[in-house]
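This report describes one protein model for a reader who is new to structures. Please look over the sequence and the 3D view before reading on.

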Amino acid sequence: MKDLPVMDPEAPPSPGTPPDDKEEKRGGRKGMPWRMTLSLAYQSLGVVYGDLSTSPLYVYKAAFAEDIQHSETNEEILGVLSFVFWTLTLVPLLKYVCIVLRADDNGEGGTFALYSLLCRHARAALLPPGRPAAGDEDQFLDVAGGGAKRAAENGNAVTLGRRGGGAAASVRRLLERHKVLQRVLLVLALVGTCMVIGDGVLTPAISVFSAVSGLELSMEKEQHKYVEVPVACVILVCLFALQHYGTHRVGFIFAPIVITWLLCISIIGVYNIIHWEPTVYRALSPYYMYKFLRKTQRGGWMSLGGILLCVTGSEAMFADLGHFNQLSIQIAFTCMVYPALILAYMGQAAYLCRHHIMESDYRIGFYVSVPEKIRWPVLSIAILAAVVGSQAVITGTFSMIKQCTSLGCFPRVKIVHTSAKVHGQIYIPEINWILMILCLAVTIGFRDTKHLGNASGLAVITVMLVTTCLMSLVIVLCWHKSIFLAISFIVFFGTIEALYFSAALIKFREGAWVPIVLALIFMMIMCIWHYGTIKKYEFDVQSKVSINWLLGLSPNLGIVRVRGIGLIHTELETGIPAIFSHFVTNLPAFHQVLVFMCIKNVPIPHVRPEERFLVGRIGPKEYRIYRCIVRYGYHDFHKDDMEFEKELVCSIAEFIRSEPSKANGMSEESEKDEERMSVVRSGSIRMLEEDGTVENSVGPSRAREIQSPSPGPVVEAKKRVRFVLPAASPKPDAGVQEELRELSDAREAGMAFILGHSHVKAKSGSSFLRRLVINFCYDFLRRNSRGPNYAVTIPYASTLEVGMMYYV
């Protein structure tokens, strides 16, 4: 009988397996028709570029907010325009479109995608799914069978074992040997994530408030300040209240709104250039940046905090890569978004060049350059575009929280999938209402574009700095390029972003403190949850019992085996969890079929269905004890309990049918043998469940059927289970048939779920800080977080919780 491939349970599934049709579409691989690519480019305008396209509403207003004054020489206006042009060209166009978009993680983008990509090329993960098992330090991701080839096509070279040399090997060894560097890498990823969450608070506030600020031109300044804030708050409340309907219900109008907005600002820009100042194109020369800084000096440097808002939303191009493909995002930006933004900024500058004296400072915004006859229609379109841009940022925040939760860096929250067709469209109620409250608080608290712009600018530039740092490692570790190329990348883009970062940070007391405070709060939550999760996992590893202990229980305790399948959830890949030993020593009985199940969240976006289940055996065959590791990526959808139960039982049946005979003389009680896990490719065995009794006389069929023994004198049976083997498969031997019959009989009797309910306490003698973190902070988060995803849909009648105290 052909052996199943043996895999390390710690290794994530191979990314080299050929993708299916959906992954082909999502990942944007070669061979996608041009019609589909253009369709994705059209859709990306509404989802990706809503935030970036609304930046002209507030960039000039934020840049001239008290730091610099508009003079008759127009050097300030032309200098700001020059900075805007080159910032848009170097950061979104050159950095993201040309370089960063290539660093996808199986088609996914974002801060955590870069982190998981690096962790797959070096043992640098500090999360439990990425921690090496005993004797497993030298194992790497299995990329046999074409994985290296496909990864190379994406530009992400794959490290095979310890082979390879040069800079990549040196950097990899450096990361693996120093825990401090691994912590720095994780902290970088968490900082970028926290700033993205902070941006989810600030972007809706500044976008909606800036769009509503067009009302100031139709009323006195003393009046409009009492109108703008209530109107903005009402729009924000409606925006967050509609999130539970899902993006797909109103998504079809997003792209037309953004396209209309981009065409509108382009036409207005061309009109202003022709009508007011045709020679404004001179500002495209970088010389005007030098003149600007030479004249304004410290004020000009501080105004960079407002200028950097022109790239707000650039990170969304990379973060939302999983919903589209690389080429579609590049086409949409270079052909539509980039030219429209340049024309819009040039048009505003052309108008301001001819209007040096304003009645008041607040009239230097976007709407003053709009012809009065079309001001109200433009105001309506701007508000709709601001809502679309805010929607994209909020959805991206939900996606980021889901990634953190899947990788054990954030307390478990309720995740609602709002679309059955589009995987990434989710809704998280708790996060939605928290974002709404924080967004209303900053809108009411600041009540002006200046402070909101300072806060949003710092959050945006921090995320970009994190991306630059992680990308420099990707260039060396994943792409195997020269270390000098990586240094050049981080020096060039890092210098530009550090200049903007310093200008934004200097305004700490004028609004920039908000993203820092929000990031610190979310960072503290993530670090406490991550620390408690790691300590709990280490306690599980130290307290697990051996296989021999379980096998020696029967003669001492008189273990009773009852009908049914007992499913024990554990976070361990090997050994018997302490919580099961606690259960069986107090109640010496368990089911005729026992399955130790480990739900493993691996740091990759998706796990193919045929690679999801790893199955192994514990002890001799007659004990009917199995181990099953179920692997999910951080973007995978957890199925409901009935569908999951069927796949689990079918994977065990497939393992029984395909398991190699043990004729090599190895002891069946060997713990090393128990640790060998086999990938079970589901789908070859089907399980039929029928209500009522089933006649034993089965008509002629090409497929082989194995069913449970007849219920005998029982008048009414609730359910009968049959395993249908492929017609071409060889006839299984008597032992395999008997084991499959017993499995089907156990399935008929039902499945019971044994879940651990642990209470984590700091052990005696711990420091005050550890007792504070574990006994109060982590305990508070555990009590107020959701249960595990796999336990949400389990019937309470089938669940048995076993309580145990963990002293860490």
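Buried means under 20% relative accessible area, exposed means over 50%, and partly exposed lies in between (1.4 Å probe, protein chains only). In a regular strand the side chains alternate between the two faces of the sheet. Because eight of the eight residues of S7 (residues 625-632) are buried, this strand is largely enclosed by the rest of the structure.

The model is predicted: local features need pLDDT of at least 70, side-chain atom pairs count only at pLDDT 80 or more, and totals for chains, interfaces and linings use all residues. Residues are numbered from 1 along each chain as its sequence is written, and side-chain values use heavy atoms, with hydrogens and water left out.

Which strands pair with S7? Strand S5 (residues 589-601) pairs with S7 in the parallel sense over eight bridges, and strand S6 (residues 613-617) runs antiparallel to S7, joined by five bridges. Two strands count as paired if DSSP finds at least two bridges between them. Phe596 stands opposite Arg627 in S7, while Arg617 has Tyr626 in S7 as its bridge partner.

## The whole chain

The protein chain holds 28 helices and 13 strands. These elements are DSSP runs numbered from the N terminus: helices are H or I with at least four residues, strands are E with at least two. Of the 808 residues, 58% count as buried. The accessible surface of the chain comes to about 33,600 Å², and 60% of it belongs to carbon and sulfur atoms. Such areas come from the Shrake-Rupley method with a 1.4 Å probe; for residues, only the protein chains shown count as cover.

Among contacts with a separation of 6 or more, 84% are between residues 24 or more positions apart. A contact means heavy atoms within 4.5 Å.

## Salt bridges

Side chains of opposite charge can pair when their charged atoms come close. A salt bridge here is a side-chain nitrogen of Lys or Arg within 4 Å of a carboxyl oxygen of Asp or Glu. How many salt bridges does a search of the whole structure find? The search finds 14. The table lists some of them.

| Salt bridge | N to O distance |
|---|---|
| Lys295 and Glu76 | 3.1 Å |
| Lys95 and Glu497 | 2.6 Å |
| Glu739 and Arg617 | 2.8 Å |

Lys295 lies in helix H13 (residues 287-296) and Glu76 in helix H5 (residues 75-97), so this pair ties together parts that are 219 residues apart in sequence. Lys295 is partly exposed, with a relative accessible area of 39%, whereas Glu76 is buried at 5%.

The salt bridge between Lys95 and Glu497 links distant parts of the chain, with Lys95 in helix H5 and Glu497 in helix H20, 402 residues apart. Lys95 and Glu497 are both buried.

The salt bridge between Glu739 and Arg617 links helix H27 (residues 734-749), which holds Glu739, to strand S6, which holds Arg617, 122 residues apart. Glu739 is buried with a relative accessible area of 3%, and Arg617 is buried with 6%. Elsewhere, salt bridges that share partners join Glu75, Glu76, Lys291 and Lys295 into one network.

Ile483 lies in helix H20 (residues 483-505) and counts as partly exposed at 35% relative accessibility. Together with Phe484, Ile487, Ile490 and Val491, Ile483 makes a nonpolar surface patch of about 450 Å². Patches are made of residues with over 30% relative accessible area and no salt bridge; like charges are joined within 9 Å, and nonpolar side chains (Val, Leu, Ile, Met, Phe, Trp, Tyr) within 5 Å.

Leaving aside neighbours within four places in sequence, Gly511 is in contact with Phe446, His451, Asn454 and Ala455. The C-alpha atoms of Gly511 and Ser456 are separated by 8.7 Å, and these residues are 55 residues apart along the chain.

## Confidence

The pLDDT, the predictor's confidence in each residue from 0 to 100, averages 78 over the protein chain, and 77% of the residues score at least 70. Over residues 1-12 the pLDDT is below 50, and this stretch has 46 contacts in the model beyond near neighbours in sequence. Residues 710-717 also have a pLDDT below 50, with six such contacts. Where pLDDT is low, the predicted coordinates should not be read in detail.
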